[in-house]
Amino acid sequence: MMSLPLGRVGQSLGKLHGWLATVKQPDGYAGPVAHWWRNSLLYTGPAIDWRYEGILDGYGTLFRKTGDERWLFCVQGGITHVLRAQRQGGGYGVSSFERNPESLGTPHEAAATLGLLHVVDLLEDGTEVMEAARRNLQYLVDALWDPSSKGFNDRPGVLGRVPNKLATLAEALMMYSRLSRDETFLPYALSALQDVARYVVTSGPITGAVHQYAPGAREGDGRFFPFYAARCVPALVQGASVFGRQEFSDTAVGITSFLVRSRGEDGSWPQIIYSNGRRAEDPRWIAGAADILNALRVARYEGDDWTASLQRLLDSQLPSGGFPTAEGFRNLRRFPLGPMSRRAVTEVPDWLDILPVVGWNDKVFRLLANLLPEAEAIPEMALGHTDIPVRFNGLTARYQEDAETISVTSGARELYRWRKGSAWAQTGFRVPSL
Amino acid sequence: MEIHQVLRPSHPHVEVTGAHQLSWNVMLDAVFADASQAGVASMTVSLAHQDVLTWAHLRADVTPAQGDRRAILCQSFDMMLDPTYTIAYTVEHGGVLGGAIQRRNHLSDHTWVARQQCWVYTWKSRLMGIPIRLANAARRPDLVDRYMREMRAQMVSRKSTVSYYHLTVWERGVAQL
């Protein structure tokens, strides 16, 4: 029987809500992005990407649980950001997370629409939101559906499948169909889910792992990210119910089993496991790991105790209220002397490890909102000041954050500064690491 | 930020995908981040590829005008002769020598002073294409990821080096204002 440390969830949510308020600009939640693929550290304006999945779902869940009007106010604010950003064609403009500012972000536009659909029932009149969701989903179908291969590409005209992104899109399509009672999108959702299931490993030591990408929509690429595997689970669980297909449910169970087996003793997950058995351990997500825990929660995986993982997450919260991105970005910088070997995490972290990113913190927010015990209050929390020694491109530096600013300095030199209200960070023309 | 776009397709055509797409995104981010702090209200963008113009436009859309300066982003120094521009961003490509000749011909009157510069898509970064292809051929996705990461890590240099692109920020000399 699990004994999750739920007593701290309310306080943690209070601080995280306070931090989210500090990164909210008039047109949306904003800030730099650190990611495995690449970083978006100069552009720090708003974006309508997967951050709105967790933010809207999280605030909606809090309102349902507590009836507190302040959470409904946050839901309405988030909806306004998404609707205002929507363009004539149905897309959301800046929507590509680590590639921002860029449009047609996958799975980001679908994830933001999913956020809308999670909270539309809280509105007195959800007509406008449902129409915005329909227009966005139609835009994605028009841009990405490939009639010749009968599936969704990741980029218009480039044949290929990305299972975790297909899962998010399928989830949004199914949810729209259920809420609107319009089944137009259901065949697309079924096709996407079938493609997800097609790229799940069905035998051997990594049974349940999911190929990251299938170039040419043929065989998978042999790269297995636990985080992205987890992102497939909620859609498969929903798909089993919508289409009455047991195989989707079995696939979801297989993936969660893989997630449990690939977890380390400290409750963290490696970044990638390769088909040849090699592993890229770093960076190990901290805030992003919330989506893995969310998958275990949604799948109701029996017999697993993820106390250590939740404890690791809760312990990591910064005094300024956000959750750090990862452990181990520093190890990626050791090429060619051994980037794949792990160094002790007690070493001074890279600044990207510490940097809290709204599109990772939304995942923590949604998880904690769902874990919050029914009677638990969420207190207003005073935010502190974060001041941590870090490494910045080989330099010894300090990461500092308060309600107005994130900065990295080395002695008297300022290496990076983001005033939280501004659309671009200041770096003295020092182009940050990609 | 207000933006005026000019498509100049006379430059050597380069497919703006892969590393070139990444390079242009890096440079445009650097340009608009700088412009936002330098007090630029409007920017004329004269580039050789429609996709790059579109990406510039997206950045202008999300960059509030902060002052009253006029700037130009271009790939040719002759565009900088207009005296109403007080800040210029130039992207040279085609090798180190070609850029130097252009500069000597167009900037000999010393009205512009280079404030910042960086070299993008460096030779070290381009060199990573070889191990990436070899690793792909050997079906070693773990090595592909390592070399891809190194390719990105070596993409930009603040020190002079052989590179595909060279971005410079120019300020009009104080005496000319």
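Predicted model: local features only at pLDDT ≥ 70, side-chain atom pairs only at ≥ 80, totals over all residues.
Strands are DSSP runs of E with at least two residues, and helices are runs of H or I with at least four, both numbered from the N terminus. The path from strand 2 to strand 3 of chain B passes through helix 2 (residues 50-61), and this β-α-β crossover is left-handed. A crossover is called right-handed if, with the strands pointing away from the viewer, the path from the first strand over the helix to the second runs clockwise.

Strand 2 (residues 40-47) and strand 3 (residues 69-74) of chain B are parallel and share six bridges; two strands count as paired if DSSP finds at least two bridges between them. Strand 3 of chain B also pairs with strand 4 (residues 87-93) of chain B, again in the parallel sense, over four bridges. There, Cys74(B) stands opposite Thr90(B) of strand 4.

## Helix 1 of chain B

Helix 1 of chain B covers residues 18-38, and its 21 residues reach 30 Å from the first C-alpha to the last. This is close to the expected 30 Å, which is 1.5 Å times one less than the number of residues. Of the 21 residues, 15 are buried. A residue is buried with 20 or more other C-beta atoms within 10 Å of its own, exposed with 12 or fewer, and partly exposed in between; C-beta atoms are placed from the backbone. After helix 1 of chain B comes Gly39(B), with a positive phi near 80°.

## An open sheet in chain A

In chain A, three strands form an open antiparallel sheet in the order 7-8-9. Strand 7 (223-224) and strand 9 (279-280) of chain A each have a single partner strand, so one side of each has no neighbour in the sheet. Strand 8 (residues 272-274) of chain A is joined to strand 9 by two bridges, and Ile272(A) has Ala280(A) as its bridge partner.

## An exposed loop residue

Val158(A) lies in the loop between strand 4 (151-152) and strand 5 (160-161) of chain A. Val158(A) counts as exposed because it has 12 C-beta neighbours inside 10 Å.

## Contact between the chains

The contact takes 26 residues from chain A and 27 residues from chain B, where contact means C-beta atoms, placed from the backbone, within 7 Å.

## Numbering and confidence

Residues are numbered from 1 along each chain as its sequence is written, and chains are lettered from A and ligands numbered from 1 in the order in which they are written. Local features need pLDDT of at least 70 and side-chain atom pairs count only at pLDDT 80 or more, while totals for chains, interfaces and linings use all residues.

Note on methods. Contact = placed C-beta atoms within 7 Å.
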